[in-house]
Amino acid sequence: MTAEKKEQTREALFHSLETLMRQKPFEKIKAGEIAAGAGLSCRTFYNNFSDKYDLAMWHYRTGLEKILARVSDHYSYQDATRDSMYMMMEKKEYYRELMRFEGQNDFFHSVFVANSRQFASYVRSLNHNEQLSAEIEFEIEFFYRGCIEMAIKWCRNGMKESPEDFIAMMDRCIPEDLRAYRLS
């Protein structure tokens with residue numbers, strides 16, 4: 001299967017999931033229903049994703065990777081956060097429904113892991129790939145857990161604040177040791 005065909009298959013599965021989520025809660029959706037909605041077999045579903053949680057996270061992760069690839073001297077982590085929030089706003093109902101699910105494989109945990117790992121990797125790269133201190137690792141985890149929890153609350157409450165206003169509130173809470181990395 002070509003990379004383009006694989007991407008089309010994954011997009012079809014995502015759109016099927018998105019459609020199903022307008023009809024019933026995420027936790028009640030089965031992989032077979034997602035595959036059938038895309039006109040594909042269960043086998044094709046499992047050739048692309050390990051489960052529906054993997055599919056749900058794929059859309060976010062794919063968008064986030066494109067955004068984070070732009071981080072540079074002229075595009076900060078603040079810019080990336082803003083753009084990831086706008087990405088979520090484009091699929092507002094999908095993300096609101098996804099955020100309602102709590103439990104094993106919940107979106108909060110997946111987003112936290114993806115974002116905190118990316119930021120830690122970014123900080124390491126700025127420090128010539130040296131191991132981060134325990135204090136910096138703790139601050140990254142502490143800060144990102146709070147940020148993701150508040151972003152989920154923002155999403156569940158209808159995304160009323162603009163991403164810029166949300167980020168301004170979030171940035172006032174940055175631990176001093178992370179401030180230079182986050183704002184650069």
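What is the volume of the largest pocket? In this predicted model, the largest pocket has a volume of about 310 Å³.

## The largest pocket

Let's start at the middle. The lining is made up of 15 residues, and those closest to the pocket's centre are Gly-146, Met-150, Phe-166, Met-169 and Met-170.

By class, the lining of the largest pocket divides into 10 nonpolar, 2 polar and 3 charged residues.

## The second largest pocket

Now for the second largest pocket, which holds about 180 Å³ of space. You can find it by picking out the residues that line it: Glu-7, Glu-11, Trp-58, His-59, Thr-62, Gly-63, Lys-66, Met-87, Glu-90 and Lys-91. The elements that give two or more residues to this lining are α1 (3-21), α4 (52-68) and α5 (77-90).

Which of these elements brings the largest share? That is α4, with 5 residues of the lining of the second largest pocket.

## Residue classes in the second lining

The lining of the second largest pocket has 5 charged, 3 polar and 2 nonpolar residues. Glu-7, Glu-11, Lys-66, Glu-90 and Lys-91 in this lining belong to the charged class, while Trp-58 and Met-87 belong to the nonpolar class.

Note on methods
Residues are numbered from 1 along each chain as its sequence is written. This is a predicted model: local features need pLDDT of at least 70, side-chain atom pairs count only at pLDDT 80 or more; totals for chains, interfaces and linings use all residues. Side-chain values use heavy atoms; hydrogens and water are left out. On a 1 Å grid over the protein atoms alone, a cavity is a set of points where a 1.4 Å probe fits but cannot get out, and a pocket is an open set with protein on both sides within 12 Å along at least five of seven lines; lining residues have an atom within 4 Å of a point. Grid points are joined across faces, edges and corners, and a volume is the space filled by probe spheres set on the points. Helices (H or I, at least four residues) and strands (E, at least two) are DSSP runs, numbered from the N terminus.
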